[in-house]
Structure formats: C-alpha cells, structure tokens
Amino acid sequence: MCDIAFTTLAFVVLLPVLLIVAALVRVKLGAPVLFRQLRPGLHGRPFTIYKFRTMTDARDHDGRLLPDTDRLTTLSVLGLLSVSPGLLILGGFHTCGTHAVHI
C-alpha cells in the first residue's frame, strides 16, 4: 500500500517535469515520444518498459541504422533524458514497510 501511495505522490509531483520533457521530445524528435521495449523481468517473465526517446532513426544510404553515437540528440547528450520516467527519483533510499529500494 505504501508503494502505491509513494508512487502516486511522486508521479503527481513530477508530472509537470514529465510533460515538459515530453514536449521537448515531440519538438526535437517528433512522434512517438516514448520508446517501448520488451525486457526480461523477475523469474524471466517479460515486461514492457517505456522510456522517453533519446535517439533519432537516422539511416545510411543503404537503409541501415547509423551507430548509436551518430543518432544521439542534444537532449540525450545533455543527460536530460538519461533517466527513464519510472526512475526520476534520484539518490538515497525509499523505505516502505519491509521493502527498501535503493535508487
């Protein structure tokens, strides 16, 4: 219960920042604003992670994606989008009941 309360409070507090970042990504990179990727989770069970886009889809003359370093944007180089939306709480510990999460 405490996890849900903390997450909800953090989301409400950070919502203006998230909206600004989303607007910057939309202006700089266009749509979609979020990058979606399937990753292995607990016990190998897959889950989908959503992050703000930090790279362009730039390709060479043969249609192959350019190297990551060539596709980084000003926003990603400055580190503005290096933290995913779910990890915007930086530093320290958050303790909720018997669970401690180091971020």
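Reply: Asp68 and Arg71 meet in a salt bridge whose closest N and O atoms are 2.9 Å apart; the term denotes a side-chain nitrogen of Lys or Arg within 4 Å of a carboxyl oxygen of Asp or Glu. The model is predicted, so local features need pLDDT of at least 70 and side-chain atom pairs count only at pLDDT 80 or more, while totals for chains, interfaces and linings use all residues. Residues are numbered from 1 along each chain as its sequence is written, and side-chain values use heavy atoms, with hydrogens and water left out.

Because Asp68 and Arg71 stand three residues apart in helix H2 (residues 68–71), about one helical turn separates them. Helices (H or I, at least four residues) and strands (E, at least two) are DSSP runs, numbered from the N terminus. Asp68 is partly exposed at a relative accessible area of 45%, whereas Arg71 is buried at 9%. Here buried means under 20% relative accessible area, exposed means over 50%, and partly exposed lies in between (1.4 Å probe, protein chains only).

The structure holds three salt bridges. Arg64 takes part in a salt bridge with Asp60 (3.3 Å, N to O) and in another with Asp62, where the closest N and O atoms are 3.1 Å apart. In general, side chains of opposite charge can pair when their charged atoms come close.

The wider setting is as follows. The protein chain has three helices and four strands, running α-β-β-α-α-β-β from the N terminus on. Of its 103 residues, 18% are buried. The accessible surface comes to about 7900 Å², with 65% belonging to carbon and sulfur atoms; such areas come from the Shrake-Rupley method with a 1.4 Å probe, and for residues only the protein chains shown count as cover.

The largest nonpolar core consists of seven residues, Leu18, Val21, Ala22, Val25, Leu29, Val33 and Phe52, and H1 supplies the largest share, five residues. Such a core is a set of buried Ala, Val, Leu, Ile, Met, Phe, Trp, Tyr and Cys residues joined through side-chain atoms within 4.5 Å. The buried residues of H1 also include Ala10 and Leu14. At Leu14 the helix bends by about 50°, and a proline, Pro16, follows within four residues; the bend is the angle between axes fitted to the seven residues ending there and the seven starting there. Gly30 follows H1 and has a positive phi near 85°.

On the surface, Phe11, Val12, Leu15 and Leu19 form a nonpolar patch with about 380 Å² of accessible area together. Patches are made of residues with over 30% relative accessible area and no salt bridge, like charges being joined within 9 Å and nonpolar side chains (Val, Leu, Ile, Met, Phe, Trp, Tyr) within 5 Å. Phe11 belongs to H1 (residues 2–29) and is partly exposed, at a relative accessible area of 48%.
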